[in-house]
Amino acid sequence: MLDRASTLVALTAAAITASNSLSYAPDFADMRGIWSGTYPVAYPASSNGGEPTVQNVEWILKIDQQSENVFWGQSKWRIMGDVAWNVEEATGSFSLADPNVVNMVEISPDPAIGGKGLMEGKLSDGRLFVTFRGIPSGVSFSAVFERSDPDQETVMI
C-alpha cells in the first residue's frame, strides 16, 4: 500500500506541476506575413550635418518564421519618394508576461554596423503599434503598422 500511496502522491504532484506550467504558456499571435505603414521620423542634426529634420518614411516588415514567442524576418524602409530601400534584418519576441507586447531589434546585414534600432510595440485590433529608437543615429518614431493582403507579399518584398 505504501508504494501505491507514494505513486499516487508523485502522480498528483506531477499533474499539479504540469497544470501550473500550462497556465503560464500563453498563446502567441502569428506574426508571419507583411506589416507596413508610413510615419514621420525625427532625425537629429548630427545625422545629416545640419539642422534636425523630419522626413516621411515608409516601412515594410516581412516576418518569415516564428517559433513560439520568437520571430524573425526582413525590415525595409525608405524616405517617401526615394527609389532605393534600406534593407535590414529583424528579430523579435513576445513578452511572456503580456502576449500582446512585442520587442524587436533591427540589425544591419553588415556585421561591422551591428544593431540599428530597438522597437517596442503592442498588438491591438490586428495592428502593430511601435516606438522605434535608432541606436547609432538617434532616429526616433512611433507608428502603426497593418498587416498587408497576403496576395501582395510577392510584390512588396
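Which residues form one aromatic cluster?

1. Aromatic cluster. In this predicted model, the cluster consists of Tyr39, Trp59, Phe132, Phe141 and Phe145. Across the whole structure, the search finds six aromatic pairs.

2. The pair Tyr39 and Phe141. The ring centres of Tyr39 and Phe141 are 4.0 Å apart and the planes make an angle of 20°, so this pair is stacked. Tyr39 belongs to strand S1 (residues 33-43) and Phe141 to strand S8 (residues 140-147). The two residues are 102 residues apart, and the pair links distant parts of the chain. Both Tyr39 and Phe141 are buried.

3. A charge over a ring. Lys76 lies over the face of Trp85. The distance to the ring centre is 4.8 Å.

4. Salt bridges, count. The model has five salt bridges.

5. Lys62 and Asp64. Lys62 has a relative accessible area of 23% and is partly exposed. Asp64 is also partly exposed, at 41% relative accessibility.

6. Lys122 and Asp98. Here the side chains meet in a salt bridge at 3.5 Å, N to O. Lys122 sits in strand S6 (residues 115-124), whereas Asp98 is in the loop between strand S4 (86-94) and strand S5 (101-107). The pair links distant parts of the chain, 24 residues apart. Lys122 is partly exposed at 39% relative accessibility, and Asp98 is partly exposed with a relative accessible area of 24%.

7. Glu120 and Arg133. A salt bridge joins these side chains at 3.4 Å, N to O. Glu120 lies in strand S6 and Arg133 in strand S7 (residues 127-134), so the pair ties together parts 13 residues apart in sequence. Glu120 counts as partly exposed at 44% relative accessibility. Arg133 is partly exposed too, with a relative accessible area of 38%.

8. Confidence. The average pLDDT of the chain is 81, and 76% of the residues score at least 70. Over residues 5-23 the pLDDT stays under 50, and the model gives this stretch zero contacts beyond four places in sequence. Residues 153-157 also have a pLDDT below 50.

Conventions:
Residues are numbered from 1 along each chain as its sequence is written. This is a predicted model: local features need pLDDT of at least 70, side-chain atom pairs count only at pLDDT 80 or more; totals for chains, interfaces and linings use all residues. Side-chain values use heavy atoms; hydrogens and water are left out. Rings of Phe, Tyr and Trp (its six-membered ring) pair if their centres lie within 6.5 Å; planes under 30 degrees apart count as stacked, over 60 as edge-to-face and the rest as tilted. Helices (H or I, at least four residues) and strands (E, at least two) are DSSP runs, numbered from the N terminus. Buried means under 20% relative accessible area, exposed over 50%, partly exposed in between (1.4 Å probe, protein chains only). A charge sits over a ring if NZ of Lys or CZ of Arg is within 6 Å of the ring centre and within 35 degrees of the ring normal. pLDDT is the predictor's confidence in each residue, from 0 to 100. Contact means heavy atoms within 4.5 Å. A salt bridge is a side-chain nitrogen of Lys or Arg within 4 Å of a carboxyl oxygen of Asp or Glu.
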